[in-house]
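Where do you find them, and what lines them?

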Amino acid sequence: MTLFRQIAILLSIFLIILLSTVLFLNFKNASKSVSQRLYEDAKNTATSLSLSLASANGDISMMSIMIDANFDSGHYGYISLVDVDDELLHERKTQNDMPNVPAWFLNAIDLQAPIALANVSAGWNPIGILNVQSNVSYAYTQLYTILISLFVSFSILSTIGLVVLNSVLIIILKPLKKVQLQAEAVVRNEFVVEDTDIFTKEFRDVVVGMNTMVLKSKAMFDKGNIALKKQKELEYTDKVTKLKNRKYFMHKLPEYLKADSSSNGGINLIIEISGLIEANDEIGHDSVNKLLCDIADVLRDYSSQHRHAILARMNPTEFFILIPDLSYEDGVIVVDGIDCFIQDIVDEYDLDSSEVYASIGLSEYSYKDKVGVLLARADSALTHSKYLRNNKYLQKVENISEIMSNDEWKSVIGKAIKKNSFFLKTHSILDTKNKKEIYKSIYFILKTDDDTTYDYDQFMLHANQLKLSNGIYKNILNMIFKNHDTKLYATACSFKLSYDFIMHDETYKFMENLFTYYAANLQFKLIIELPDKLVRTNSQEVKQYKTLFDKYSIDIGIGEFIGESTDYQYLQDLRPVYIKADKNYFIDQNEHMLSALRLITDSAGISLIATSVNNDGAFHSLSEKDIYVIEGELTKTIKL
């Protein structure tokens with residue numbers, strides 16, 4: 001219960017008790033006054049009527065008329081005249097003595113009308129005694145009317161009082177509301193600084209303390225952001241050519257060698273510049289560096305013509321270009337063009353082309369290739385090129401075996417989407433330091449009518465190529481939100497969405513409708529994992545998804561992180577619960593790079609998760625880097 005509600009309830013109870021007490025005392029005084037008035041009215045009537053009766057000189061009929069006239073003109077319950085011998089001379093009583101008030105009121109209030117007495121005489125001769133009693137029914141009616149009036153007044157005063165009390169509390173506790181919102185923002189790892197112009201000293205002190213803490217966290221994040229950007233430039237950029245270096249290439253390459261890659265393959269070009277030592281002796285070190293920069297500009301121009309191409313300087317003499325979705329035949333044209341331009345550059349520096357020249361190896365790659373296989377094939381092509389007269393070697397990979405043709409895959413995947421023949425599976429993400437499972441990662445498989453099972457890696461790339469992946473993801477999201485697996489209850493589960501699915505025009509509307517009807521019924525905490533190459537743009541689309549996820553308490557995780565952003569402010573804006581990176585990314589980083597990354601993640605409350613951890617060697621290397629949260633085959637062997 002909030003402090004505002006506690007204070008409001010307490011003061012409201014106090015106000016109601018106070019007004020109730022006033023109501024009770026007023027009614028009690030009114031009741032006492034009515035009781036007293038019953039006797040006084042009867043006494044006054046008895047006195048005045050006895051004087052009037054004295055003028056009748058003992059005429060009973062005249063006195064009876066006088067008594068009847070008084071009885072009918074007033075509110076009396078009983079008037080009688082008895083003689084000195086206590087014999088009744090005349091009497092009048094109220095016929096209907098039931099007051100027009102509720103029964104509970106009669107039971108609660110006991111009114112007694114006392115009888116007033118007065119002597120009646122004619123001169124010195126006594127005639128008798130007059131008895132007068134007021135009408136108690138009329139008194140009950142009057143008292144009930146007073147009670148209703150008091151209750152109405154009490155209700156009006158209570159309503160006004162409660163409204164005023166609520167308004168005063170809102171004004172007084174308004175700074176506390178700001179403190180509460182700031183505390184909630186801190187829990188969400190937002191850096192919110194509130195105004196300290198607050199009248200109440202205690203609240204002002206709290207806000208000052210919160211602001212100090214927030215500013216320290218923000219300073220830590222900004223310091224980490226600056227340090228990580230500098231370290232990224234040092235770690236990923238070649239100092240001479242300003243191209244990406246081998247470390248960047250090795251961290252980026254796995255993005256192209258996975259089942260849900262947007263490309264099923266392409267070509268590699270490895271270019272080695274021979275004769276640099278001789279060129280250094282002839283034209284000097286600075287000129288050789290300028291020569292390399294000119295060659296880098298040529299390679300940059302060619303790679304920029306192809307979307308998602310990677311260009312890197314692997315070592316002082318070698319350059320590497322990976323171009324997805326480029327055919328072998330088009331790759332040959334690229335090789336010839338690069339070779340021609342490099343020869344022209346060498347001639348511009350008046351160098352002997354027989355000593356300073358480029359050897360170019362062209363080879364194909366497939367998304368199924370391992371990193372080592374791809375590099376070995378590229379090195380083989382380069383080695384062969386060195387022994388050819390024109391220093392070019394073109395290695396084509398023939399007959400890459402596939403399980404099925406595209407038409408067969410289209411049929412299988414199409415039927416699976418129509419019949420929803422997908423099944424959810426999970427694997428664990430473990431905190432090995434504290435020996436506990438912190439997340440379950442959801443993935444899916446495909447099962448055909450004949451019970452043939454295909455893993456994600458087997459069919460997902462073909463689904464991407466055939467433009468069927470959106471239908472698959474829609475089916476899976478429907479399964480997650482509509483058909484709850486009891487094994488997932490009370491857990492935190494992550495599910496990875498692809499770049500292409502998120503960027504599809506219909507995806508946002510589909511997810512918005514799905515969340516509207518089913519997100520409230522989820523029995524587990526859901527984390528949507530998005531690729532870093534999408535979220536680091538911090539585009540309007542990404543912000544739109546963030547707003548949608550926040551609305552339904554769905555967290556964001558970041559996958560495929562290699563730290564290549566030009567600014568890491570997006571981590572603060574999106575506030576992901578974790579960052580996933582390949583194990584090699586963490587293992588290859590120096591202490592400065594990891595320290596800068598931890599400054600950001602610690603200040604923003606982000607966990608670091610190493611993926612593809614399949615053996616003890618990688619696990620121990622990660623432990624030395626203080627990376628303990630892992631995902632991979634090794635998690636199956638770890639006992640919690």
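The domain bounds used here come from an automatic or database domain assignment. This is a predicted model, where local features need pLDDT of at least 70, side-chain atom pairs count only at pLDDT 80 or more, and totals for chains, interfaces and linings use all residues. Residues are numbered from 1 along each chain as its sequence is written, and side-chain values use heavy atoms, with hydrogens and water left out.

**What counts as a pocket**
- On a 1 Å grid over the protein atoms alone, a pocket is an open set of points where a 1.4 Å probe fits, with protein on both sides within 12 Å along at least five of seven lines; lining residues have an atom within 4 Å of a point.

**The second largest pocket**
- Domain 2 (246-395) and domain 3 (406-636) both contribute to this pocket's lining, so it sits between them.
- It has 27 lining residues, and S261, S262, S263, Y499 and D500 lie nearest its centre.

**The largest pocket**
- Here too, domain 2 (246-395) and domain 3 (406-636) both supply lining residues, so the largest pocket lies between them.
- Its volume is about 1800 Å³, counted as the space filled by probe spheres set on the grid points, which are joined across faces, edges and corners.
- Out of 45 lining residues, K258, D457, K496, T611 and S612 are the closest to the centre.
- β12 provides the largest share of this lining, 5 residues; strands like this are DSSP runs (E, at least two residues), numbered from the N terminus.

Key
Helices (H or I, at least four residues) and strands (E, at least two) are DSSP runs, numbered from the N terminus.
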